[in-house]
Amino acid sequence: AVTTEKAKDQGSFDLGLKNLVHGQVCTRFPPEPSGYLHIGHAKAAMMNQYIAKTYGGKLIIRFDDTNPSKEKTEFEETITEDLKLLGIEADFVSHTSDYFGELQKFAHKMILDGHAYCDDTDQATMREQRMVGEASKCRDITIDESLRRFGEIVMGSEEGQKYCLRAKISVDDKNKALRDPVIYRVNLTPHHRTGSVYKAYPLYDFACPIVDSIEGVTHALRSNEYKDRNPLYYWIAEKAGLRQPQICDFSRLNFVYTLLSKRKLQWFVDEGFVTGWDDPRFPTVRGIRRRGLTIEALRQYILMQGASQNQTMLEWDKLWSLNKKIIDPTAPRYTAVDFKNFVLVNLIGDSVPSVPEYRTMPLNKKNPDVGTKQVLYSNQILLEQADVASFSQGEEVTLMDWGNAFVETISRSSNPETGDVVVSATLKLNLQGNVKTTKKKVTWLGKLDNVSKPNAKLMDFDYLITKKKLEDSDDITDHLTEVTEFDTDSFVDPNLMSVKKGTIVQLERKGFYIVDKTPSETPDGTINLIFIPDGKAAS
Ligand code: ATP
Ligand code: MG
Ligand code: MG
């Protein structure tokens, strides 16, 4: 166990791959351009790159574009951008559609060799027959008749639309994936690359082994939910008379309360439950990046998972706590005070500046490389209501990065609407006090020019669904979280207002946040920050 742990740490996992010859390995990542990349795809892409790199081999990125009804150029472009973000670099980019002509010839050859036939059985009957292991009425039509029918399929004629091409493997094999699967069918929707040149398209199970073989792929990695289809993959390559690449299964990534299916994610986009594919509630590469997950954390996490064949649901916590370790050393620190619950506190004492002044302070006390900020020190400061409410007259408290102070006066008011609140307070600064002896260390903000309006919005999000693991039989609409966005108006240190979009910061005592929108991007001129889960609180 010790050695496996160690191997995992170094990311040198063992997928049980055979015939790994240094310099002669070729892997491929085959995304279908039917949506944005999600964290599961990121795993597949990173594993392929890892194997290729480790063995001095090549990585192909192949757009698996065999279904024009689902695919779009837009998706291809965003996938390309996201792969770049993930640091995935292909030696070669291709499309399954580059091979449509050849694939058609292979289909033709399969029919000629008696390995495929054209069927006009309706879908429901076909499904039923495959379930019970019954032969189709077309299974034994002549090769000539199948060839004629395939001609109609290829033309997309009215007659051709009734047929599909099926591999002739088995009627009743224990493995249902081998019961004469469909390998070609008509689709008249124009294809985003080949337009209307082709009227019929190969299915993934047919196209993938052939194109893998043609492109020189040696190791075909895929998630293990396809395991039943592995014999089909080998069968197609063999009957096509091609070299068989080696399939390697890895476990599919699944997270609690998370949907990892482009079709379902598309539904959330279409229904307006999210703002787009890059919504911070989404498990897409863009969504998790927007929520503050670093690529480095993702990389480490995926290599840690490595070769595990475990199909369990993963918790998000581990990934987020890994992320926290990465962002903590370099995140600049700022102060924020809740807009709805602040108290304007007067400071008195000899050491209080009579005129507001700026002092140079480190952005991250543990790491001087992060730089400095100009912090406003004045005789009026903003404190959190909750902090001040806990003070008692005469108590000595610490104002962080300033010094100790005695509570001189504190005036509370109580009414049915607000409950018991502090309306004003005076603190007397006592810089000789020992900060180590105080119980309360509070954050504060020098009085801003305008305290009638917040300058920031802090956002936090909840899972989109209420069920840990949604089954195929579940209706999504029964399991939608009612409220998934939580906004808090806030005052933040003015230094933060000019920080670049995408910067990760720590708001003292609140946690890590990522700048989602700069003041110039919001209608009210506030800066918008998204809370980055830290793997501790169940958010
Ligand atoms: P989706 O259901 O989201 O559409 P898919 O598998 O149909 O996913 P593809 O674009 O065909 O999407 O997938 C490209 C590659 O990514 C495949 O090799 C597939 O095995 C892998 N992949 C997809 N989802 C996951 C996942 N959750 N975990 C690991 N690998 C995945
Ligand atoms: Mg797919
Ligand atoms: Mg899928």
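**Ground rules.** I am working with a predicted model, in which local features need pLDDT of at least 70 and side-chain atom pairs count only at pLDDT 80 or more, while totals for chains, interfaces and linings use all residues. Residues are numbered from 1 along each chain as its sequence is written, and chains are lettered from A and ligands numbered from 1 in the order in which they are written.

**Entry 1: α2 and α11.** I looked up helix α2 (residues 39–54) and helix α11 (residues 295–305), whose axes are 10 Å apart at an angle of about 75°. Helices here are DSSP runs (H or I, at least four residues), and strands are too (E, at least two), numbered from the N terminus. Axes are lines fitted to C-alpha atoms, for helices over the stretch in contact, with angles from 0 to 180 degrees between N-to-C directions. I therefore wrote down α2 and α11 as roughly perpendicular (65 to 115 degrees; under 35 is roughly parallel, over 145 roughly antiparallel, and the rest oblique).

Which residues of α2 and α11 meet? I found Ala42, Lys43, Met46 and Tyr50 on α2, against Leu298, Arg299, Ile302 and Leu303 on α11. Contact requires C-beta atoms, placed from the backbone, within 7 Å. I sorted this contact into 6 nonpolar, no polar and 2 charged residues. Nonpolar covers Ala, Val, Leu, Ile, Met, Phe, Trp, Tyr, Cys and Pro; charged covers Asp, Glu, Lys and Arg; the others, Gly among them, are polar.

**Entry 2: the buried face of α11.** I listed Ala297, Leu298, Tyr301, Ile302 and Gln305 as buried in α11. Buried means 20 or more other C-beta atoms within 10 Å of the residue's own, exposed 12 or fewer, and partly exposed in between, with C-beta atoms placed from the backbone. Down the axis of α11 these residues fall within an arc of 125°, so they line one face; the arc is that of the directions from the helix axis to the C-beta atoms. My reminder: an α-helix has 3.6 residues a turn, so residues three or four places apart point the same way. The cover over the buried residues of α11 includes α2 and α12. Just after α11, I noted glycine 306 with a positive phi of about 45°.

**Entry 3: α12.** Helix α12 (residues 317–327) has Leu319, Trp320, Asn323, Lys324 and Ile327 buried. Their arc is 140° seen down the axis, so they too line one face of α12. I found α11, β23 (504–507) and β24 (511–517) among what covers them.

Terms used
Contact = placed C-beta atoms within 7 Å.
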